[in-house]
Each structure stands twice: as C-alpha cells, then as structure tokens.
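Reader: I am new to this structure. Can you take me through it in short steps?

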Amino acid sequence: MNQARPISVNDRITSIDTVRGIAILGIFLVNLPAMLGIQPLDTRGYTQGVDAVFRFGYDLFIQTKFYSLFAFLFGLGFYLFMSRAEAKGSRMRSLFSMRLVVLFLLGCLHFLLLWYGDILHMYALVGFLLLFFYRQKASALFVWSIFLMALFMLFIWFAYSGDIDLDQTVLLEAPWFNGLEDYAQKVSQRYEILSGIQILNVIIYIPELLGLFLLGLCAGKINFFQRVHEWKRGLRITQIVSLVVTILLFIPMFRYYFSHEVYVSEETQQYIQLTGKTLFVFYLVSIVLLLENKRFRAKMQGFTYVGRMALTNYLLQTLVTVLLFSLFIPNTAGIPLWIGFIFCITIYLLQIMFSKWWLSQYAFGPMEWLWRCATYMQKQP
C-alpha cells in the first residue's frame, strides 16, 4: 500500500470546502431544536408566536436544504477519494470500505453518547452502495439519482397526505428536557432506538441519500466545480428555474401558515421535502457562481476553514451545545428558537476562528486526522 500523503492546498478544490462549510452551518441551525429537546422524538408539535415565525422560516429556507447539500458533497467526496486512491495505485475499494466502517463507528458513538439525530452512521451504511456505481457513466448516475429521489418524494407525499388533528399535537415548549439529566437512561434509550427503529429509518432514507450521493458522484465525474466558468449560461438558467419552482412550492406553505393560528411543521412536510431539493440546487449553483468572483471568494474564507474540518466541527457543535445548555439551563426544551439561532451563529463564528488557527498549524482537523489514520491503519503526517 502506498504511503498516504496530505492533500496540498493546490490539490484541494477550495470551493468544495466553502460549500461544505455553509452546509455545516445550515445543519447546525436545523439540529439545535432536537438537541435541546424543543422538538421531541416522535412528537408532532406546534409552535406559536415568535417561535412559529422562526420555525416557518427554518422550514422554508433551511430544513432539508442543507443536509441535501451535505449529502451531495459526500458523494462528491467519494469520487475524489476513489480517484486519488486509484491514481496512487492503492486498493481504493478496501480503503473506502475501511473509511466507512470508521465513520459508522464514530456516528454510533455520536448517536449513543450525545443525541439521536446523528447522520454519520446513515451516511456510512448507505455509502457502501456507492461502490456499485463508481464505474458508471455520469449520464447513468444522473438518471439513477433523479429516479431514486423521485421515488423517495413519492413516498413522502403519501406518508404526509392526511390532515393532522391539532388535538393530537402538543406545544413544543411544554416538555421537560435536559441532555445530561438521567444520562445513563438516555444512553440506554438511544441504544434501543439505534438497534430498533433507526434500522427502519435508514431503509426508508436509502433512496433519498443514495440519490443525493449519486448526484455528487456525477458532479465529480464531470469535474463540475472545476468547470463552472465553462457552464455559466446553463448554470444561470438552472439557478432561475430552481428558484421559480421553489417559489411555486412555497405558495401552499404560506397559505397554510397564514390560515392557522399555530404552526404545525408536519402539515407542510411534503413541500418542505420538495423544496429541500429545488432550493438545494439553487443554493449550490448560486454559491459556485458567486465563488467565481475573487472578492466574494475572499469574503467566504471563513466558511472554507470550517468546511476543511467538517467532521470535527459537526461533532463539536453537538458536544458544545449539549454540554453548555444542559449544565447551565435545567430545562432546555423551553428555550425560544430565536435564542437558539443566535447561539448557533455565535458558536459558528467561534468555529471559524478555531478552524483558521488549527489549519495554520496542521494539515487536517483533529477528527479528520484520526479518521485518516484509522482508514490507512497507520499514523499519518
């Protein structure tokens, strides 16, 4: 096996790290209510007042949009890893399989020790399916991607087609929750979820995740990020079309929101999922087009630092959130969403400073380095 070497700055496609850093912020904003118990597991709840405004805003512009972007980048990362390993003459399939095993173990620990919303273990399990598609042509990957995501959307549409009785919902501020209280019991509960219902969740989300992964793999095959300047006209058309479709899908969401005194997010779930794909495309295309401008690219450098340490920052967001809130606030479920929004932005700004400092000293983030060491089964530079 060839000695693995750090990826130089010249080899790294900076715009990918920038997009990944933006995705990490969006995921943090969405995850926070669940981390704090504001959105209890398997509970349909409603929000009202200022919280309803924030929840509606999240559903419009953030919910499902950024994990779609992150999953797309995972598929792209798969292509970059495999192609580089292949170029070095390494056993790319066995290396990537080991990489996924390590990611799965990290995800399970994150799930059990901190919170049930981990995505790493799901990415790892579904990621094994990518190995069957690596040699496929870009056109075939695109068709598979659209088919799988359409299949998932069809399922979501029927799953959420019925009206929700407001009497069966609860005010989301009502429950008591503290992440560290009865900690051993919470870990035990999360273990039951991981070994039970979570298996079903993974199966349900296979079409969506694999579809997004394959779209990212397709982007890697056609060198999407390196060829943005060649396709500006087509990308601007894609940008406009995706925005128009998103606005049309927003109409029933606004109609529901303004016709009810309280807001139940599940009532608009079909449109939240659909706009998760159309707005993800708009975000992606808009960002890569803007990054063609040197001044804008320089202003986005903070996102790039965070994106280069995506795994570290993703795990840190959970750790810091659970510890800080649980230690100083007895009932974190009663925290208003707007407070959570300010907290996320503050922590993210600190992550930018931390990531910038760390990367001035080291080639990888700490968790990225450990992940790399475990993948290659030897200590890395």
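Reader: Is Arg 135 buried or exposed?
Author: This is a predicted model, so the values are computed from it. Arg 135 has a relative accessibility of 54%. Exposed means over 50%. Arg 135 therefore counts as exposed.

Reader: Which side chain meets Arg 135 in a salt bridge?
Author: Arg 135 sits in the loop between α5 (120–127) and α6 (138–159). Its partner is in helix α3 (residues 65–87), 49 residues apart. The N to O distance is 2.8 Å, and the partner is Glu 86.

Reader: Is Glu 86 buried, exposed or partly exposed?
Author: The relative accessible area of Glu 86 is 34%. Buried needs under 20% and exposed needs over 50%. Glu 86 is therefore partly exposed.

Reader: How many residues apart in sequence are the parts tied together by Lys 277 and Glu 208?
Author: Lys 277 forms a salt bridge with Glu 208, with the closest N and O atoms 2.7 Å apart. Both residues are buried. Lys 277 lies in helix α10 and Glu 208 in helix α8, so the pair ties together parts that are 69 residues apart.

Reader: Which helix gives the most to the nonpolar patch?
Author: The patch lies on the surface and is formed by Val 50, Trp 338, Ile 339, Phe 341 and Ile 342. Together they have about 420 Å² of accessible area. Four residues come from the top contributor, helix α14.

Reader: How many disulfides does the structure hold?
Author: Cys 344 is buried at 0% relative accessible area. Cys 373 is buried too, at 13%. The number of disulfides is zero.

Note on methods:
Residues numbered from 1 in each chain as written. Predicted model: local features only at pLDDT ≥ 70, side-chain atom pairs only at ≥ 80, totals over all residues. Heavy atoms only, no water. Patch = residues over 30% accessible without salt bridge, like charges linked within 9 Å, V, L, I, M, F, W, Y side chains within 5 Å. Areas by Shrake-Rupley, 256 points an atom, 1.4 Å probe, with all protein chains shown as cover. Salt bridge = Lys/Arg side-chain N within 4 Å of Asp/Glu carboxyl O. Helix = DSSP H or I, 4+ residues; strand = E, 2+ residues; numbered from the N terminus. Disulfide = S-S within 2.5 Å. Buried < 20%, exposed > 50% of the residue type's maximum accessible area, 1.4 Å probe, protein only.
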